[in-house]
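Dear colleague,

Please find the structure below, handed over for your reference.

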Amino acid sequence: MTSENVFLTALQPKTTVSTYAVPSETELSHGGTHAKEEARFKRVHQQVTLRLAEKSTLPRQNGSSDGSLVSERDATYMQQASMQGMSNGYTTNTYPRQSVYSTCRVNGFESGQQQVGSMTLPVMKRSLSGTLATGGGGGGMEQEVYIKQQSFKGPAHRTISRINNRQTSRASNMSSSMYGSAGFSGSQGNLAMMQQGRLSRAGSVRSMHSVGRGKDVLNSLDMPTAINYLDESDQNLQMLGAAYIQHECYHNNDAKKQVNQLKGIPLLVQLFTSENQEVQRYATGAARNLIYENMENKVALIESGGIPKLIAALKEQDDELRKNITGILWNLSSKDNLKQRLAQESLAELTEKILIPLSGTGDQDIIELNPSESDIFFNTTGCLRNLSSVNEKTREKMRGTRGLIDALVGYIQKSLQDSKVEEKGVENAVCVLRNLSFQLYSEIPQSALLRLEGPSRAQSSSKGEAIGCFTPNSKKAKDRQNQDLTTFTEVSRQPTDIEWLWHPKIVDLYNQVLQRCEINSTTREAAAGALQNITAGDKRWASILSRVALEQNRMLPVVLDLLRTNNDIELRSLTGFLRNLTRHAKDKNDMATKVVNPLLAKLPADGRQKEPSSDVVVNICGALNNLVTSSMLAARDISFFDGLTKLVGIKTSHDNSPAKLKAAKAAATVLSNMFQYKKLHKDYRSVSIRTT
């Protein structure tokens, strides 16, 4: 992987550090004069006014005046890249993406398993975009929320309380003209705090920062006290407890374990649907940190009824809250044993409340998503990306969820129109479509498959009628039946939902992604993997879509151009797609003249080289074998472009590992089929003499 594929960002505005002049302990006693008191109040008021002026220049997040700072992308994004052959067609090996896709920051997530077949070679398998992972051995995208703590030298909360107790009675006797109105706006000034007699927003990070920028509000707490606050009826205390847990659990595994041991997770879950949105924000933020890379806490959150509570909270039209909720759901989706339950309880609501509205396919047109909405969409599609990689049952449920596929396709189409195909939301959307096309023809409803396959051979022969003066089985009649690729009676003119997965229009969509996506190789790989999936196998419709790609969309030059990449994961999907195209191509000779040389250029000199991978080598050998079995021209070109030397090297020189043995067998199959053309034996011998 290249380093450009990784990202790690923290949304932390630059702020200045201010100090406040605090009354000494002597002046807090009764020894001070009234004049000194007035002068001190003037100084404090001036400093508060200055601080308010500074704060007014700080950027707001999500349209809120909340001063809490959240790192939205503080975890490393990992990508599941390779699916090795298993009984179900894929495994879940993870590869680090040195930076995403998943929050990630997470990466989304994934790459494909590929196995190949022609003649005596194994059957071609589909590819699957896997789970976004953040740890070396872990399962999925993880996100953690960070409340940034800065070194402020402001008065501690206990100091402010002393001032307040001493001066409350005096403040009422002082002239209000001494203080500007700005000093009393909300909870922004120390002087206003003194006159209120208590913290106006005890639990929010905004309050803690505004009260003299005093950090001691958090430092004076401990975990048992914070958890007890969650069960209080006072919403200020609930916010304070949740904010403390959110802060302490940032990259602190011991704090996460302690919260679980003290039964704090069920209390947080109950606050997800609080009447106070600020309580909801901090409760969900705390939960987001609690479950980060902690399987026990994830299970505890689900067992406490967390998913229904989170889904219920999605009704709130608050971007910060929705970012937390979708981030939690994405984290939960990283573990395979939680995916099916998560899909069962959240798919319909996520699609209806988040995916459809933000994709622009709902009733309300979306001109452009704001940054918060983009993050929410990214989190949601990241969750769907993980869910779509788990098993057939979950994929079937996702395919049947009304509006889900329409929303993904609509979002990709709009991004292509707006030249935003490089965005991570598009990456997730394409990966979900790729996963949903995995083993498509064996998993779609039988009625749909029968319609795509057309009439059986018996039905065709029994009901066949002469076309003009030609019999039904004549060559001209068959050509006339198959010549028009612009009209398909098997599918609707305008696809909806699941029909998008196999509709000819989806081929054009993937083609546009491949051509316009120049930076994000994961998006390109997912599009190539989706094309590989829908053209794999011996089904009639796979052959038709291959012809649509070759003849209608003219994709061969695009794919051959992309073969120049050194990205092995992308090469795996591209060569898998090419292998399918060579299998279904009508004119093998024409195909051979175009693809043999570029494919041979990607082959290693022998089986001991690490690049490209054995999966790529097997795909290339499979494509060559598809051509050789039907075209002597292909065998001649392999010999002419020094392919024999490479094939013999792959066959004979390797380390006997399972992957290398598989590549050696694929190369041996090509050589065996080439030997059947006796007219070329002289050319083969000349190549052998030349190389020795």
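Helices (H or I, at least four residues) and strands (E, at least two) are taken here as DSSP runs, numbered from the N terminus. The model is predicted, so local features are reported at pLDDT of at least 70 and side-chain atom pairs at pLDDT 80 or more, whereas totals for chains, interfaces and linings use all residues. Residues are numbered from 1 along each chain as its sequence is written, and side-chain values use heavy atoms, with hydrogens and water left out.

Overall composition and confidence

The chain holds 34 helices and 2 strands. Of its 692 residues, 56% are buried; buried means under 20% relative accessible area, exposed over 50%, and partly exposed in between, with a 1.4 Å probe and protein chains only. The chain exposes about 29500 Å², of which carbon and sulfur atoms supply 49%. These areas come from the Shrake-Rupley method with a 1.4 Å probe, and for residues only the protein chains shown count as cover.

Confidence is given as pLDDT, the predictor's own score for each residue, from 0 to 100. The chain averages 75, and 63% of the residues score at least 70. Where pLDDT is low, the predicted coordinates should not be read in detail.

The core and an aromatic pair

The largest nonpolar core has 148 residues, and those with the most contacts inside it are Ile245, Leu332 and Tyr441. Such a core is a set of buried Ala, Val, Leu, Ile, Met, Phe, Trp, Tyr and Cys residues joined through side-chain atoms within 4.5 Å. Helix α30 gives this core its largest share, 9 residues.

Rings of Phe, Tyr and Trp (its six-membered ring) pair if their centres lie within 6.5 Å; planes under 30 degrees apart count as stacked, over 60 as edge-to-face and the rest as tilted. By this rule there are 4 aromatic pairs. In one of them, the ring centres of Trp330 and Phe378 are 5.0 Å apart and the planes stand at 85°, so the pair is edge-to-face. Trp330 belongs to helix α14 (residues 319-332) and Phe378 to helix α16 (residues 371-387), so the pair ties together parts 48 residues apart in sequence. Both Trp330 and Phe378 are buried.

Another buried residue is Thr394, at 3% relative accessibility. Thr394 lies in helix α17 (residues 392-400) and, leaving aside neighbours within four places in sequence, is in contact with Gln340, Ala343 and Leu387.

At the start of α31, a side-chain oxygen of Ser631 comes within 3.3 Å of the backbone nitrogen of Leu633. Within α31, the residues Ala634, Ala635, Asp637, Ile638 and Ser639 are buried. After α31 comes Asp642, with a positive phi near 60°. Asp642 sits in the loop between α31 (632-640) and α32 (643-652) and is partly exposed, at 41% relative accessible area.

In helix α32, Ile650 is buried, with a relative accessible area of 2%. Its contacts, neighbours within four places aside, include Leu603, Pro604, Val617 and Ala667. The C-alpha atoms of Ile650 and Leu661, 11 residues apart along the chain, are separated by 9.1 Å.

Val670, in helix α33 (residues 658-674), is buried at 0% relative accessibility. Not counting residues up to four places away in sequence, Val670 touches Cys621, Leu624, Asn625, Val628, Ile638 and Leu647. Val670 and Val628 are 42 residues apart in sequence, and their C-alpha atoms are 7.3 Å apart.

Backbone features in two further loops

Glu293 has a positive phi, near 55°, in a residue other than glycine. Glu293 lies in the loop between α11 (277-290) and α12 (295-303) and counts as partly exposed at 44% relative accessibility. A cis peptide bond joins Glu611 and Pro612, with omega about -5°; Pro612 is in the loop between α29 (588-602) and α30 (614-628).

With kind regards

Methods. Contact means heavy atoms within 4.5 Å. A polar contact is a pair of N or O atoms within 3.5 Å; within protein, one must be able to donate a hydrogen and the other to accept it, and residues adjacent in sequence count only if both atoms are side-chain atoms.
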